[in-house]
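Please look over the sequence and the model below. A short report follows, one topic at a time.

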Amino acid sequence: MQRPATFRLKLITILVASALNAPHLAAAENKVDTLETGTVDVVGTTPLSTLGIPIEQVPSNVQVAKGRDIQEQHGLTLADFLNQNLSGVNINETQNNPYQPDVNFHGFSASPLVGTPQGISVYQDGVRVNEPFGDTVNWDLIPQNAIAGITLIPGSNPLFGLNTLGGALSVQTKSGEHFQGGGIQLSGGSFGRAALEAEFGNKLDNGLSYFFAGNVFHEDGWRDGSPSEVRQGFGKIGWQDEKTDVDISFSLADNNLTGNGYQPQSLLNSLGYSSIYSKPDNTQSQLGFLNGKASHWFTDALLLTANAYYRHNSTHTFNGDQNGDWATPGDDEGVINRTHVNQDGYGGALQLTWVANKNQLVAGISYDGADINFNQSSQLFSSFDATRGIGGTLGDITADAAFRGYTDTWSIFATDTYNLSPKLALTLSGRYNNTHVSNQDQINPLAGSGSLTGAQTFERFNPAVGLAYSFSSNLNVYGGYNEGNRAPSSIEIGCSDPDFPCNLPNAMAGDPPVLKQVVARTFEGGVRGKLGNIIKWNIAAYHTRSSDDLQFIASNSSGAGYFSNVGDTRRYGIDLGINGETGDFRWSAGYSFIRATYESSFDIVSETNSSAYANASGVDVITVKPGDNIPGIPRHQLKLRAEWRALPTWTIGANAVLFSDQYARGNENNQHQADGVNFFGSGKVAGYAVLNLDTRYNLPGTGWNFFAKVNNVLDSKYYSGGLLGQNGFDATGAFANGTGNHETFLAPGAPRAGWVGLRYEFGGKKVAKANND
């Protein structure tokens, strides 16, 4: 929004006093026009919009990308862009659906799968979109062509609330105020993929503005029986004058995704790289999200910002799985697991910003509530068909679980950045969270034996402190300490008994044990700067120790397990980044080292790990010890991006990503060994490298441009994740009467594929301006 003119001059003076240009992908969430002095990069400090502070005063290695950067690489999803471009990020394609990846950052996850230990908070326009049922993140519900920019904040920053253990991702959407004009885009290619995108924005003379976007996507999928449909809509209507800015936005989605997940290595070899284990594995979701935000300048130095939201998400799953209770020939081979989750989230925040010559103070309160309805049923079927789908005779449908959950979180937060000198800035922050989680069993409502009814309350104050010092306009150092917490969700409280493992998101355990909240403590520091005017670089180091870490522990071959506090865990590492631009050539490189380990000893029930032994109760377990690596996290990653403007209208780009090996889930003790008799596969997933190419050509003066993209140019066969399990099928794909081998199941990456597209932009100079915002 526009600021009063007198305040804008004051703010420009403050910001320019110590500003230096930020490195590539460590730039600003907002840009403040500084008239003749150029542009100062500033970073927002809270989920709600703020003035932000200059990047050199931020005691953290914040990474940022614009919506135009995302669009020009023509990736399918935001997660795809994060994986290929941002330091410290990798994905596990456990569902093998491009809209359902696990996104990991610094060893913490944001995943759509209940059961993945969540440790990253995700915000859309100031609203936390981690689902209340399990803190999951549904990447298919974020419309990519409505994104104005993203900000990835590392560490346990308390200002971003619950679940910010290892980082926070803030997504800002477009508005007609800044994105005027329109575009329509059609693309298609491999896997039967076809997509249509459109957007349009405008600003009227009376201060009103509007922006609308929509997407329709279909593909058959590259694996057997894996079609998907995505339909997304977004709109924002706003009004502003010199002192007041009001925006009302909505997001809609109606998606039907199939992701058939892991496959044993032996079946990948005998049935083919595109084969699947069993089917279907289908998720249908419908989203309605309404968000209102307003801000007003009371004086030249006092800004009030508020928002209120309502978010409804309905999710249905339908899975054809192997019957984990199969014992003898003649038993039913498979089971259909159905779930239905309705989640209604609502809340708001009120925030006050005060700016003086030497400091900026932000303080506020927020409330987030949720109403959850969960139902689960199962239905046995007698046999698998020839494609390992549902066949034979269907049994009766059994209601396994039904409960209603409620969550309420109240928070108070504040942050102050104070300039101790023109070169030294001190930031102090804190947030108090109070969360109440309750479950009401709809089948056995009375609390007691066998009932899911129960409640827990969690509260904590999380502090943060940081210093940033600028030696010159070309060299800046920073360091800080911060804390964050995550309260267990309804599903985690209900599924926490090792004696009653859940086949997630199926089943809930009666009389669940009391869980503790996770608390993360992070130290971070780094150096950033420039070499001349063409090369920018950054070096960052971090160390996070989590207490009472919470994760899902797999306990048998069907994927069943339970949630448990597993003591301390540790993630530490470094991020190195460098980028430059010379003439028509632009490039960047990033290397990350990540070590993620358990730091406490504990036992895990395991039927599929070769190192398992019978405990005193006769149950097969493995022992995890301090220093054992957490599965799913490659220790080394390298990302390269190059872009060459061959002609003023033609650009050619390339991305290369390289990841080292990782441990499979179920091998938390890192001791699994193949013996070639009962156990097959090493319990590790090999490292891999993937090269992608993209190009775009603009027809001058017409608004038309052509683009093309080829993924996995070298057609590498690689795997982004793994799981220890028991293979219930023989080499031909026939049911093996439950006597199959214990194997490493793998998540295969997509083979070489290409897509082409055509885009038309209209709106003249307004479109060009919007594209540079």
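## A buried helix

In helix α3, the buried residues are L78, A79, D80, F81, L82, N83, Q84 and N85. The helix spans residues 78–85, and eight of its eight residues are buried, so the rest of the structure largely encloses α3. Buried here means under 20% relative accessible area.

## The chain as a whole

This is a predicted model. The chain has six helices and 44 strands. Of its 773 residues, 58% count as buried. The chain exposes about 28700 Å², and carbon and sulfur atoms supply 58% of that area.

## How confident is the model?

The mean pLDDT of the chain is 88, and 89% of the residues reach 70 or more. Over residues 506–512, however, the pLDDT is below 50. That stretch still has 34 contacts in the model beyond near neighbours in sequence.

Residues 764–773 also have a pLDDT under 50. For them, the model has 16 contacts beyond four places in sequence.

Which residues make the nonpolar surface patch? They are L647, W650, Y697, L699, W704, F706, V756 and L758. Together they form a patch of about 700 Å². Two strands, β41 (704–711) and β44 (753–762), each supply at least two of the patch residues.

V756 sits in strand β44. Its relative accessibility is 45%, so V756 counts as partly exposed. The limits for that class are 20% and 50%.

K279 and P280 are joined by a cis peptide bond, with omega at about 0 degrees. P280 lies in the loop between α4 (265–271) and β18 (281–299).

Next come two residues with positive phi. R388 has a phi near 65 degrees, a positive value in a residue other than glycine. R388 lies in the loop between β21 (359–384) and β22 (390–419). D715 is a residue other than glycine with a positive phi too, near 55 degrees. The loop that holds D715 runs between β41 and β42 (719–726).

Are these two residues buried or exposed? R388 has a relative accessible area of 6%, so R388 is buried. D715 has a relative accessible area of 35%, so D715 is partly exposed.

Definitions and conventions: Residues are numbered from 1 along each chain as its sequence is written. This is a predicted model: local features need pLDDT of at least 70, side-chain atom pairs count only at pLDDT 80 or more; totals for chains, interfaces and linings use all residues. Side-chain values use heavy atoms; hydrogens and water are left out. Buried means under 20% relative accessible area, exposed over 50%, partly exposed in between (1.4 Å probe, protein chains only). Helices (H or I, at least four residues) and strands (E, at least two) are DSSP runs, numbered from the N terminus. pLDDT is the predictor's confidence in each residue, from 0 to 100. Contact means heavy atoms within 4.5 Å. Patches are made of residues with over 30% relative accessible area and no salt bridge: like charges are joined within 9 Å, nonpolar side chains (Val, Leu, Ile, Met, Phe, Trp, Tyr) within 5 Å. Accessible areas come from the Shrake-Rupley method with a 1.4 Å probe; for residues, only the protein chains shown count as cover. A salt bridge is a side-chain nitrogen of Lys or Arg within 4 Å of a carboxyl oxygen of Asp or Glu.
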